[in-house]
Amino acid sequence: MGNKPMKQRLTATKKRITNRLSKAPNEYANASNYEATSVSTNSDHGLYERLAVGGHYEEIRNLRIRQDLFVVALDIGTSSSGYAISSYDSYKRDPLQISTFSWKSRTDGFQHFKTLSAVLLNPSGELHSIGYDAEYHYINSLQEEERQQWFYFQNFKMMLYNHQISRDLILHDVKGKPQKALKIFAFIIQGLREDFTTRLAEQITLGEGAVDEDIHWVITVPAIWDEKAKQFMREAARQAGILNDRLSIALEPEAAALYCRFLPVEKLKGSSQDEEISQLKTFSPGAQYLIVDLGGGTVDITAHEILPNGALKEIVAASGGNWGSLVINDEFINLIEDLTETDIMKFIKENHPDDFLTFMSVFENKKRVFSKDDDRVILHVPQSIRDIMCERLGKSVEDHIEEIDRAQEVKFQRDKMYIYNEAFTKLLSGTIEKIVLHVTAVIESNKLKVDSIVLVGGFAECDLLKSTFRTSFPDTRILVPEDPVLAVLKGAVLCGRNPQILQTRVCRYTYGICTTVDFDEKYYTPDKKIHIGGNTLARDIFNIHIKANETVHIGQKGTPKKYYLNRDDQDQLDLEIYASTKTKPKYTTEDGVFYLGILVIKIPQMAAVCNKSRYFSVSFLLDGTEMEVEAVDSATNETTGVKFDFIG
């Protein structure tokens, strides 16, 4: 486990905070830890109620710090997942005193910072195991006929990127068998949560129910995910047993940025010793830096400026794309099929999934440690894969490679595959070039003057990627934390403690509500004209609340807009929320506009009030990483309950 003296620290922390709370019964006895916090479940269908953020905080170093006994972060990655913990006392002494946990793979025999993002279900669809345990059991404990009945999922996170997300979204396992995506995400969160609470119980004795009472959970998501994906993760966490009012969402590059903000400069590889760069200079007030989070599925990019009080200001809307390191895995599969036969790897995956996973796992490790100075990369080839290649080709793989004149690129010899430097570099360079081009575009289009580019995530360990960045940005410091694979995970813990350290955010989308307005033929097209109750109206109007690329102060409400009721017997107001990459969309039906979900406002019935003149003033705000909405009833001037349903 992460830090040896954890048991003593946690026990002492538990006693100190318990004593502190017991000495102030009037202050804490009748207060929930998060008074009117972000989310609470309201129905089996999963609508969420949004309320203003409150809770117990302490001012430390001019920042408001959450006072929960523990903050635990869960990083659900495309390739790997893990968790980390920080106690309140530890944070006050040193914000970077964060405990992480190691995971042993019985497949390769090594300890890893994270476990695999893998889920194994038994034939009844019940959770058997996650991570490396799931991989080992599937590969080594099940016979081939048994695998036909079990469900093994791996690298499934990308299903939430650029897909139509709903509660009924389906994932297919490695053999193509379906299960609901929400169930699989809930299971991996459940598995991580249960593993954590088991390890914690070995370190500290907690009373019944204390885990739920004393922990604030944080789950990471890519910054380029929309509100649908965030709510999907919230619902998965709820199904996994995490209370919604004890959960917050952290954006992965923001988490990494916060971690690097606290990190001493000697922990950032790439700092010039001759320059004697201090932490104060690297991340001093006014300094701007770019974070490039190089995950397995996505690459997220965000830019921050350090404010005088040490907080962060986002200066460019988060961006990125699906250029994660798994794209390189696809390039490797393409290379194998180009050398042998189309769809051969698909056949191997379907008929020998154990050897396919082993083969790809070897490649996954090799691409991270590959150096531009390596003469070649050596991969172990399982016997079944070699036999299939020979059977399909009708000859030995060695002879075939010679015949097609590719021996200068690769070589097969017994159970080994040798990929020479130029060919292996080509596998990686296409993806790396796309990342560099996007970073260049972000800097140039926004005229940024960044002092440093910080690379985090598992792919940041790749020597070829780092050298390409240094060549492409010769006047900018290229920095890499000594543990880049843990930067998001540890940063998410800090986000849980510092929910307001990012004080401004640049909106990625324009958000608004679909409405009708009086028809004006000079402004609206004829196809939008409708007649209701003797009135001529224009339909499908995008009523803008927040604009794309607008800088929004966290917690600051937008300008309220009125939405009127239609009937005296109306008991709720349903408003459709839309988003767009455009700054000023006119209609909700135009290109570049997409539907997010329903905003439901419950209407208190009042006998003396005529609903036809009654309206609700609706304000949008960004409070933390998720969109919030406030609705004020014109009849009472009071804020009423608001519910979201983004995932249907």
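In which strand is the place of Thr 516? Select Thr 516 in this predicted model, and you will find that its place is in strand β28, which covers residues 510–518.

**Around Thr 516**

With Thr 516 still selected, colour the model by accessibility: the residue is partly exposed, with a relative accessible area of 39%. Now show the neighbours of Thr 516, leaving out residues up to four places away in sequence, and you will see that it touches Ile 530, Leu 537, Ala 538 and Arg 539. If you then draw a line from the C-alpha atom of Thr 516 to that of Phe 542, the two are separated by 8.9 Å, although they are 26 residues apart along the chain.

**The whole chain**

Zoom out before going on, and look at the cartoon of the chain, whose secondary structure comes to 18 helices and 38 strands. The chain has 648 residues, and buried residues make up 57% of them. Among the contacts in the chain with a separation of 6 or more, 70% are accounted for by residues 24 or more positions apart.

**Aromatic rings**

Next, display the side chains of the aromatic residues, for which a search of the whole structure finds 20 aromatic pairs. Begin with Tyr 83 and Phe 196, whose ring centres are 5.5 Å apart and whose planes stand at 80°, so the pair is edge-to-face. Tyr 83 lies in strand β6 (residues 80–87) and Phe 196 in helix α6 (residues 181–203), so this pair ties together parts that are 113 residues apart in sequence. Tyr 83 is buried, with a relative accessible area of 1%, and Phe 196 also counts as buried, at 0% relative accessibility.

A second pair to select is Phe 363 with Phe 424, where the ring centres are 5.7 Å apart and the planes are at 55°, so the pair is tilted. Here Phe 363 lies in helix α13 (residues 353–369) and Phe 424 in helix α16 (residues 421–445), so the parts tied together are 61 residues apart in sequence. Both Phe 363 and Phe 424 are buried.

**Charges over rings**

Which ring does the charged end of Lys 157 sit over? Select Trp 225 together with Lys 157, and you will see the charged end of the lysine over the ring of Trp 225, 5.5 Å from its centre. Then move to Lys 411, whose charged end sits over the ring of Tyr 418, 5.6 Å from the centre of that ring.

Now select helix α11 (residues 326–339) along with α16, and turn the view until you can follow both axes, which are 9 Å apart, with the helices packing at an angle of about 140°. Helix α11 passes α16 in a right-handed crossing. On the α11 side, show Val 327, Ile 328, Glu 331, Phe 332 and Leu 335, which meet Leu 427, Leu 428 and Thr 431 in α16. The residues of this contact divide into six nonpolar, one polar and one charged.

Ser 384 is buried, with a relative accessible area of 17%, and, not counting residues up to four places away in sequence, it touches His 352 and Asp 355. From C-alpha to C-alpha, Ser 384 and Asp 355 are 7.2 Å apart in space, while being 29 residues apart in sequence.

In the loop between α14 and α15 (397–403), select Lys 395. This lysine is partly exposed, with a relative accessible area of 30%, and with the residues up to four places away in sequence left out, Lys 395 touches Cys 390, His 400 and Glu 403.

Select Asp 540 in strand β30 (residues 535–546), where phi is near 60°, a positive value in a residue other than glycine. Asp 540 is buried, with a relative accessible area of 15%. Then select Asn 637, in the loop between β36 (626–633) and β37 (638–640), whose phi is likewise positive and near 60°. Is Asn 637 buried or exposed? At 65% relative accessibility, Asn 637 counts as exposed.

Terms used:
Residues numbered from 1 in each chain as written. Heavy atoms only, no water. Phe/Tyr/Trp six-rings, centres within 6.5 Å; stacked < 30°, edge-to-face > 60°. Helix = DSSP H or I, 4+ residues; strand = E, 2+ residues; numbered from the N terminus. Buried < 20%, exposed > 50% of the residue type's maximum accessible area, 1.4 Å probe, protein only. Lys NZ or Arg CZ within 6 Å of the ring centre and 35° of its normal. Contact = heavy atoms within 4.5 Å. Axes fitted to C-alpha atoms, helices over the stretch in contact; angles between N-to-C directions. Left-handed = near helix turned anticlockwise from the far one by under 90°. Nonpolar A, V, L, I, M, F, W, Y, C, P; charged D, E, K, R; others polar.
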